[in-house]
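Trainee: Could you help me learn to read a structure like this one? I would like to start with the surroundings of a ligand.

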Amino acid sequence: MTDQQSLPARTLPLILFFLVASFVSNGQEIPSEPAAISAGEALFNNNCRSCHRVHEKLIGPALAGVTERAPSVDWIISFVKNPPAVIASGDEYATALFDQYKPTMMTAFSTFSDEDILNILAYVQAEAAKGPATAEAPAEGQPVSSAGEGVPAAYLNLILIGMVIILVLLLIILVFLISAVKRFLDQKDLTPEQRELVHAPFTLGTILRSRGFIFIVVFVVAALGFKAVINGLYSVGIQQGYAPAQPIAFSHKIHAGQYQIDCNYCHTGVMTSKNANIPSANICMNCHNQIKQGTLTGEAEIAKIVKAYETNTPIEWVRVHNLPDLAYFNHAQHVNVGGIECQTCHGPIETMDVVRQHSLLTMGWCIDCHRQTELNTKGNAYYDRLVELHSKQSKSNMTVMDNGGLECSKCHY
Ligand code: HEC
Ligand code: HEC
Ligand code: HEC
Ligand code: HEC
Ligand code: HEC
Ligand code: HEC
């Protein structure tokens, strides 16, 4: 009786609490829908990634966990919109942060809406929840793993687990058999020695020294080794995603993206020869004898160019894309004659701070494209006759394959 009366009395504060809580967080709730996360990812990659990572400190702090450590979500929103204002207001958290990251101050994103920033936070939370290992690998949204790599690994894991289960079952059956045999032997007439043998103590030591145990250990080690070898074989020669650190922190995102410098300005060979060429320090100095300071790296990185130029030592860039010697690839043929964009093969270079190998660069990759791509024959008198011949035999458009693009000798000599 009394219980029933007090029920609403007990739940009322609870309901009130939830009402108040939802009211307070109204509008500042970090969304969790996939659409918000992917919108946030795009915003993050385009605006924040040059200075922030989710899990690592870069120019600015790692953003994982920022919603817990910053004063509030509101604070983050006003900070992102105008960091100098928040720092200048004497806000304790902001000044401490600024002291730590001096002299860099975060750029203001005054055009961002609250929703934009909440979406970015949604992306950061989703990435943070994934943990460091997987989150950073697909930089700028490009999946790094090559197709098919994950499947055999998953199968091998299943097979391994299956084998372990079978071994455990066998062990249990063995224990049953042993006790059954013991019971059977106990009913027989045995000499004292035989009896001792049957009831020999069953200790950890005897287990460790037993043949069965050694067999299991050897088997598990061999299986794990086998799995490692198979995994290794699958990645032989595939360098997709390779993004080595370079001697100077040159950024395509700044030069080709932000300042829209033409690729040919630096990669001078791309239209006319086999090689695209990496620019020498001379080309850099066209601009950098004036520009001595970068927003991100200050004077340190640009000073390296000046030093290389003055001492006449070549900058030792680490090569990213590299076909084996047995294959022949020509840039002019593809870019100039074929009219293919750099990005088709190299990915969104203009968004990369560090160049990353975007394509597989295997023979299958070359051939797939030659099968699918139509020849760029327009305005090329050389092809007129060939196209005429081709259209007599076939209704489909002429591809690179039809022009001998699958012949071994075109790529191997
Ligand atoms: C030019 C580099 C730069 C860019 C671009 C940048 N930040 Fe920052 N960010 C910083 C630095 C540096 C700090 C540390 C505070 C300071 O010195 O201004 C910071 C601090 C922060 C903080 C507070 C972190 C904490 O630990 O409390 C947040 C949140 C933040 N940035 C979000 C963003 C978002 C979101 C974007 C993209 C829209 C962005 N930042 C873009 C450099 C940058
Ligand atoms: C201001 C000069 C400059 C401009 C402009 C430029 N690059 Fe580069 N590029 C370089 C330098 C220097 C390197 C070597 C360092 C590195 O890998 O980051 C390089 C490396 C590369 C590589 C990797 C080479 C390798 O080692 O395999 C590719 C691919 C590339 N650039 C493509 C492009 C494309 C596509 C554009 C236009 C969207 C472009 N670059 C614009 C200077 C430039
Ligand atoms: C056509 C002009 C031009 C050429 C050529 C050029 N740069 Fe730059 N570079 C710039 C500009 C503009 C900036 C941006 C300065 C800033 O951040 O305000 C810059 C910034 C940089 C920075 C500092 C980035 C930062 O924000 O800290 C580095 C390092 C750099 N360039 C390296 C190179 C190298 C190496 C070459 C030659 C391969 C090169 N640049 C060629 C115009 C050029
Ligand atoms: C059809 C695919 C394809 C296109 C299009 C393409 N590249 Fe390449 N690029 C490659 C391959 C493959 C390599 C590796 C070549 C090698 O190792 O011999 C490479 C290598 C490079 C290199 C390293 C240095 C060198 O000369 O080997 C640079 C720089 C480069 N490309 C820039 C560019 C630029 C800039 C463009 C656009 C104007 C472009 N590439 C268009 C496939 C392509
Ligand atoms: C994005 C598509 C694409 C990729 C990837 C590609 N090619 Fe090509 N390739 C073409 C096109 C288009 C042409 C025809 C250009 C023309 O009009 O002559 C061509 C032509 C060629 C030719 C001349 C064929 C002939 O009949 O004269 C060779 C050799 C060649 N490619 C080698 C390669 C190699 C080696 C690779 C891989 C490392 C590669 N290509 C990757 C599109 C591609
Ligand atoms: C469109 C260009 C192209 C054509 C056509 C082509 N290849 Fe290749 N081939 C390549 C490239 C690029 C590589 C190097 C790729 C790698 O290392 O994965 C390669 C690698 C190879 C290798 C070495 C494989 C290895 O694991 O090192 C052999 C063997 C080979 N090709 C044979 C052939 C034969 C036979 C033909 C004719 C039926 C042929 N190729 C046609 C581009 C081509």
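Mentor: Happy to! Ala, Val, Leu, Ile, Met, Phe, Trp, Tyr, Cys and Pro count as nonpolar, Asp, Glu, Lys and Arg as charged, and the others, including Gly, as polar. Keep in mind that this model is predicted.

Trainee: How many residues of the shell around ligand 4 are nonpolar, polar or charged?

Mentor: The shell has 11 nonpolar residues and nine polar ones, with no charged residues. In total, 20 residues surround ligand 4, and the closest are Asn-275, Ala-276, Leu-323, Cys-342 and Cys-345.

Trainee: Which helix gives the most to the shell around ligand 4?

Mentor: That is H18, which contributes four residues. Helix H17 (331-337) and helix H18 (342-346) each supply at least two.

Trainee: Does Asn-312 count as buried or exposed, and why?

Mentor: Asn-312 counts as exposed because it has 7 C-beta neighbours inside 10 Å, and the cut-off for exposed is 12 or fewer.

Trainee: And what about Leu-361: what is its phi?

Mentor: Leu-361 is not a glycine either, yet its phi is positive, about 65°. You will find Leu-361 in the loop between H18 and helix H19 (363-372).

Trainee: Is Leu-361 buried or exposed?

Mentor: Leu-361 counts as buried, because 21 C-beta neighbours lie inside 10 Å; the cut-off for buried is 20 or more.

Notes: Residues are numbered from 1 along each chain as its sequence is written. Chains are lettered from A and ligands numbered from 1 in the order in which they are written. This is a predicted model: local features need pLDDT of at least 70, side-chain atom pairs count only at pLDDT 80 or more; totals for chains, interfaces and linings use all residues. A residue is near a molecule or strand if its C-beta atom, placed from the backbone, lies within 6 Å of it.
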